[in-house]
Amino acid sequence: MKRAVIIGAGPAGITAGLELLKKSGEYEVIILEESRRIGGISATVSCEGNRMDLGGHRFFSKNKAVMRWWEEILPLQGKPAFDDKKLGRKVELLKGGPDPETEDRVFLKRQRVSRIYYNQRFFDYPVKMNWNTVKNLGFFTMLQAGCSYLKAVIFRREEKSLEDFYINRFGKKIYSIFFEGYTEKLWGRHPRDISPDWGAQRVKGLSVTAVIKDMLGKMLPVKNRKVETSLIENFYYPKFGPGQMWEEAAKRFLELGGRITFGCKVTGICRKEGHIEKLIFEENGETKELTADVVFSSMPVKDLVGGMNNVPDKLKNIAKGLPYRDFVTVGILTDRLKLRNETNFKTLGDIVPDCWIYVQDRHVKMGRIQIFNNWSPYMVKNPEGTIWIGLEYFCAWGDAMWQMSPERWAAFGRKELIKMGILSKDAPILLSHCEKVKKAYPAYFDTYAGMPDLKKWLNGIDNLYCIGRNGQHRYNNMDHSMLTAMEAVDCLLLGGIGKERIWNVNTEQEYHEERQDHK
Ligand SMILES: Cc1cc2nc3c(=O)[nH]c(=O)nc-3n(C[C@H](O)[C@H](O)[C@H](O)COP(=O)(O)OP(=O)(O)OC[C@H]3O[C@@H](n4cnc5c(N)ncnc54)[C@H](O)[C@@H]3O)c2cc1C
């Protein structure tokens, strides 16, 4: 039997392992995982009966094969969840599907509400030039915004940076309020130093007719207008958070004969010409090695190339210079928010209905707030009496923020929540938890422009398949990471032909729709 070694037990690694065992009986499949848990960045952490998502992972894909894959692991709910039942909220149910109140293997259908919080007011996300924005910003600021937008339309900038990209679409005033500070918080760089490619992936253009229509529409008195309809969307979410999906998928992988070894950090990749012979890894302070016929790597491409022998200098430097943004998330359990629910959405305890809130204010370091009660009531031990929130902070590995202790993080997060008017001074902190995530965001600056050369060279290593988010240094979501794994398995079983397809995921239109052969 041949041996396939997979580096990393995140969504990409687990998908690769499971797909390979489902499609071929020729391989012994071993996953080497550095940490002690399944799911990578998409893991769920448990704290005294409250579960924390290391971000807030929406399960949504335009690719039907991925949706089916997820639904096969966790069947869609057939009965309402605790909060839907209690509040009488209507939710689409699958006939014969499991009851989340009595069964655990359930995929919930949730309502997505997310907004921007700026200057103690809520704005639509993504930001829109609509009546709500006008009302919240005030007449004078809007006048400035209107003039700067007109200026941007007349004097279009050549788009050399993310700053040019935003100003061309929103004008300087709106850019300075909504994008400049947030982008700097996220990436630790000013938007003028970031490539415009990033914006193209994330921001839709601004339609002036749509703006006027929206503003006129909202100024006319229409009875029972549903103010927030534009904010409603649905997404799927495992009863116990994203990690449940990957833990369930890992169980299937093990049932099919796969092996996962935790606490094994791959540090060396021994190559002879265009072929990997063995991997070196650290386990419990010991250096060990494992031969491999084929390697799927979801470890950061920077570390992969850094651990290889005989890499040409130019490529070694590209890999060495690849930048990342690291991330700290702080869970805080309280029993009240100062923030009031002024929407039409019904929630347990009448808390704000948002799953997550973007924090745009520059005078706080917080980037986003997750309200886990709204993701799944089963994430919270007492969803009626307590609110379990996750605060997100972007930082750089080893910097002052990264080094803060969990206690300092809890105090810091509380202070910022009070400053923003989200928490009152007398609100108790019933529980807190801090998680630090290395290389959470692969960034598109520094040596990133050299990625095509590095990719070409890596593709030349005949038994190596680079998959996933950091494995490809691409801003891949879970579905994209899975698709890279599916493509890689197909490519291996076709004799290694068409590696380019693995890298095309999340760059070509077809991946935003559905691939024929993954139906
Ligand atoms: C804040 C935030 C919010 C997000 N929200 C969403 C969302 O709403 N929807 C969505 O679809 N996606 C979302 N994502 C993206 C999602 O988290 C990733 O796409 C997904 O986890 C990537 O899977 P992966 O397997 O490629 O990598 P990872 O999840 O990073 O897993 C890689 C694994 O490899 C292991 N590893 C690394 N180096 C080594 C080594 N040297 N040796 C052995 N093991 C190693 C790691 O420990 C890890 O377990 C979000 C990400 C963040 C940061």
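Tutor: A crossing is called left-handed if the near helix is turned anticlockwise from the far one by less than a right angle, and right-handed if clockwise. The model discussed here is predicted.

Student: Which handedness does the crossing of α1 and α9 have?

Tutor: The axes of α1 and helix α9 (residues 242-255) come within 9 Å and cross at roughly 30°. Because angles under 35 degrees count as roughly parallel, α1 is roughly parallel to α9. Under the definition above, the crossing of α1 and α9 is left-handed.

Student: Which residues of α1 and of α9 make the contact, and how do they divide by class?

Tutor: From α1 the contact takes Pro-11, Ile-14, Gly-17, Leu-18 and Leu-21. From α9 it takes Trp-246, Ala-249, Ala-250, Arg-252 and Phe-253. By class, the contact of α1 with α9 has eight nonpolar residues, one polar and one charged.

Student: At what angle do α5 and α6 cross, and what is the handedness of their crossing?

Tutor: Helix α5 covers residues 139-154 and helix α6 covers residues 162-187. Their axes come within 6 Å and cross at roughly 145°. The crossing of α5 and α6 is right-handed.

Student: Which residues form that contact, and what are the class counts?

Tutor: On α5 the residues are Gln-144, Ala-145, Ser-148, Tyr-149, Lys-151 and Ala-152. On α6 they are Ile-167, Asn-168, Phe-170, Gly-171, Lys-172, Lys-173 and Ile-174. The contact of α5 with α6 has six nonpolar, four polar and three charged residues.

Student: How do α11 and α15 pack, and how many residues of each class are in their contact?

Tutor: Helix α11 (residues 313-320) and helix α15 (residues 451-459) pack at about 115°, with their axes 10 Å apart, and the crossing is left-handed. Leu-315, Ile-318 and Ala-319 of α11 meet Asp-453, Leu-454 and Trp-457 of α15. By class, the contact of α11 with α15 has five nonpolar residues, no polar and one charged.

Student: Which domains does the assignment give, and how many residues are in contact between domain 1 and domain 2?

Tutor: The assignment gives domain 1 (2-41 + 241-321 + 445-518), domain 2 (45-63 + 75-114 + 324-442) and domain 3 (127-222). The centres of domain 1 and domain 2, taken over C-alpha atoms, are separated by 30 Å. Across this boundary, 18 residues of domain 1 are in contact with 15 residues of domain 2.

Student: Which element supplies the largest share of the side of domain 1 that touches domain 2?

Tutor: On that side, α9 and α16 each supply at least two residues. The side of domain 1 that touches domain 2 has seven nonpolar, four polar and seven charged residues. The largest share, three residues, comes from α16.

Student: Which residues come nearest to the ligand?

Tutor: The shell around the ligand draws at least three residues from each of domain 1 and domain 2. Its residues divide into 11 nonpolar, 16 polar and seven charged. Of the 34 residues around the ligand, those that come nearest are Gly-8, Gly-10, Gly-40, Gly-55 and Gly-468.

Student: Which elements give two or more residues to that shell?

Tutor: One of them is a strand, β10 (264-272). The elements that give two or more residues to the shell around the ligand are α1 (11-23), β10 and α16 (478-493).

Definitions and conventions: Residues are numbered from 1 along each chain as its sequence is written. This is a predicted model: local features need pLDDT of at least 70, side-chain atom pairs count only at pLDDT 80 or more; totals for chains, interfaces and linings use all residues. A residue is near a molecule or strand if its C-beta atom, placed from the backbone, lies within 6 Å of it. Helices (H or I, at least four residues) and strands (E, at least two) are DSSP runs, numbered from the N terminus. Ala, Val, Leu, Ile, Met, Phe, Trp, Tyr, Cys and Pro count as nonpolar, Asp, Glu, Lys and Arg as charged, and the others, Gly among them, as polar. Domain bounds come from an automatic or database domain assignment. Axes are lines fitted to C-alpha atoms, for helices over the stretch in contact, and angles run from 0 to 180 degrees between N-to-C directions. Two residues are in contact if their C-beta atoms, placed from the backbone, lie within 7 Å. Angles under 35 degrees count as roughly parallel, over 145 as roughly antiparallel, 65 to 115 as roughly perpendicular and the rest as oblique.
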